[in-house]
Amino acid sequence: MRLILLGPPGAGKGTQAQRLVEKHGIVQLSTGDMLRTAVAAGTPVGQRAKAIMDRGDLVPDDVMIEIIAERIGRPDTARGFILDGFPRTVDQAEALDRLLEERGLALDGIVEIVVDHGILRDRILGRAKETGGARADDTEATVTKRLDVYRAQTAPVADHYGRAGVLKQVDGMGTVEEVAARIDDSLHAGTDA
Ligand code: AMP
């Protein structure tokens, strides 16, 4: 099973992705986690990405596409994968379309977790407090920037898949279990958009 999970920062993508990983025996490909690992290891990509991530901007498309092209070719993706945090721009989505087509791979679902933007700032800053600010980019200024970047650059990605008629939208308000049930239902149903 190959899935894409879309949604703004704080929508609960990471939590839902982990659950789908266990349920379907697939791997979670979180580009944010990959970049944080690269930053911690001090690789050339990590060194380039650090300042960009700290200010809440997006790492350039060519870097991200190269990372994903390499990652979805590894053997552990044989049973499938769930993309969490990619694609983040329409250019990334178009590059992914081409990449999957070249490799003869189809997507089984593109799910957007829809959450009212008004509550996201508080959710993310609440998460930062709980985890003691474990993420360097969970500061007030950066969160505002990440939400602006989402609206400007990533929201159009959902439109890209909506136009193709393959997008499933689920309400992201409610408990983790409630949202999980909606995602499962959406994966069994037809498309919404
Ligand atoms: P995330 O953990 O998905 O919220 O990602 C954390 C940060 O990593 C983002 O704010 C971006 O700076 C960067 N990042 C993650 N995924 C991407 C992507 N697909 N394209 C560009 N930048 C990304």
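Close-up 1. Asp54 is partly exposed at 30% relative accessibility, where partly exposed lies between buried (under 20% relative accessible area) and exposed (over 50%), for a 1.4 Å probe and protein chains only. This is a predicted model, in which local features need pLDDT of at least 70, side-chain atom pairs count only at pLDDT 80 or more, and totals for chains, interfaces and linings use all residues. Residues are numbered from 1 along each chain as its sequence is written, and side-chain values use heavy atoms, with hydrogens and water left out. Asp54 forms a salt bridge with Lys50 at 2.5 Å, N to O; the term denotes a side-chain nitrogen of Lys or Arg within 4 Å of a carboxyl oxygen of Asp or Glu. The two residues are four apart in helix H3 (residues 44-54), about one helical turn; helices (H or I, at least four residues) and strands (E, at least two) are DSSP runs numbered from the N terminus. Lys50 is partly exposed at 39%.

**Close-up 2. The salt bridge between Asp57 and Lys145.** Their side chains meet at 3.5 Å, N to O. Asp57 lies in the loop between H3 and helix H4 (61-71) and Lys145 in helix H7 (residues 140-163), so the pair ties together parts 88 residues apart in sequence. Asp57 has a relative accessible area of 23%, and Lys145 one of 33%.

**Close-up 3. The salt bridge between Asp171 and Arg182.** The closest N and O atoms of this pair are 4.0 Å apart. Asp171 belongs to strand S5 (residues 167-171) and Arg182 to helix H8 (residues 176-188). Both are partly exposed, Asp171 at 39% and Arg182 at 28%.
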